[in-house]
Amino acid sequence: MERNELRRYLEANFKEDYRTSYDRENEVLRVERKTDRFGVNIRLAPIVAKAKTRGKVAVDEVIEYIESAMKADDQISLAGKLDAIYPVIRSNSFAKTTKSGEPLIFSPHTAETAIFYALDRGNGYRLIEEKHVSGDLTLETIERIARENVKKLPTEMKQDEVAGNPFYFLSTRDGYEASRILNDDFLRMMERRVEGDMLVGVPHQDVMIIADIRNDQGYDAMQQLMFDFFTNGRVPVTALAFHYEAGQLEPIFIVGKKTPPSNT
């Protein structure tokens, strides 16, 4: 799907209650509600690149993201909805405020990542802002509740093997795959299962990778997987993997192994 075709396809999906405008110089499509001009800006170049590798499904994911953003209400209540509060993992460079300047609540995590908090709305979620937190519902309370809720999510993983190194993939399409990195009970269970070095990857929000690294080829495979997923993810988090041991996550930079020169 080329750029102009992508633009027309996106515009066709947002007509009746929305207006669209296109910045040709920066190749950015803006979609906003007619009622209050609340909207989002969509850079087309990354979507074109993803569509070339993943097809129309990558474009439909963007449409789903726009629809969820447009349906977000400015005022939400957390009362009676504590079981719908979840942590979401973002990169440390992720904006700490909304586009309207409202501060988001978040907690530190690693040198690469931060933990934000969201209210699940069934077909999407809304990041929780400071103004939504009041009374007994402190950030510490939200953090504790969110971590308990993520432990209730399924952790079934698909397994593959590369050059003798087992790889496990979690992709449940619930939007909280990367959040499972906060389920320490699950990570400790996987640590007992792993025979080599345990690496954990959350290249984007919709996938979690656990690798049982038993040789150098495993490190190279993990590096390539992290880069590929990070590049193609709808909400990239980090291209670095984490070494996991005894409850501690340490970001690592994997240096690719060079093929030795031939003697012939």
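In the predicted model, the second largest pocket is lined by P108, H109, T110, R147, K151, I181, L182, D184, G247, Q248 and L249. A pocket is an open set of points on a 1 Å grid over the protein atoms alone, where a 1.4 Å probe fits, with protein on both sides within 12 Å along at least five of seven lines; lining residues have an atom within 4 Å of a point. The space in this pocket amounts to about 210 Å³, a volume being the space filled by probe spheres set on the points. Its lining comprises four nonpolar, four polar and three charged residues (Ala, Val, Leu, Ile, Met, Phe, Trp, Tyr, Cys and Pro count as nonpolar, Asp, Glu, Lys and Arg as charged, and the others, Gly among them, as polar).

Helices are DSSP runs of H or I with at least four residues, numbered from the N terminus. The axes of α1 (residues 3–12) and α2 cross at roughly 105° and come within 10 Å (axes are lines fitted to C-alpha atoms over the stretch in contact, with angles from 0 to 180 degrees between N-to-C directions). Helix α1 is therefore roughly perpendicular to α2 (65 to 115 degrees; under 35 is roughly parallel, over 145 roughly antiparallel, and the rest oblique). Residues R3, L6, R7 and L10 of α1 meet L44, A45, I47 and V48 of α2, contact meaning heavy atoms within 4.5 Å.

The axes of α2 (residues 44–54) and α3 (residues 56–71) come within 6 Å and cross at roughly 135°, which means that α2 is oblique to α3.

Residues are numbered from 1 along each chain as its sequence is written. Local features need pLDDT of at least 70 and side-chain atom pairs pLDDT 80 or more, whereas totals for chains, interfaces and linings use all residues, and side-chain values use heavy atoms, without hydrogens and water.

Methods
Helices (H or I, at least four residues) and strands (E, at least two) are DSSP runs, numbered from the N terminus.
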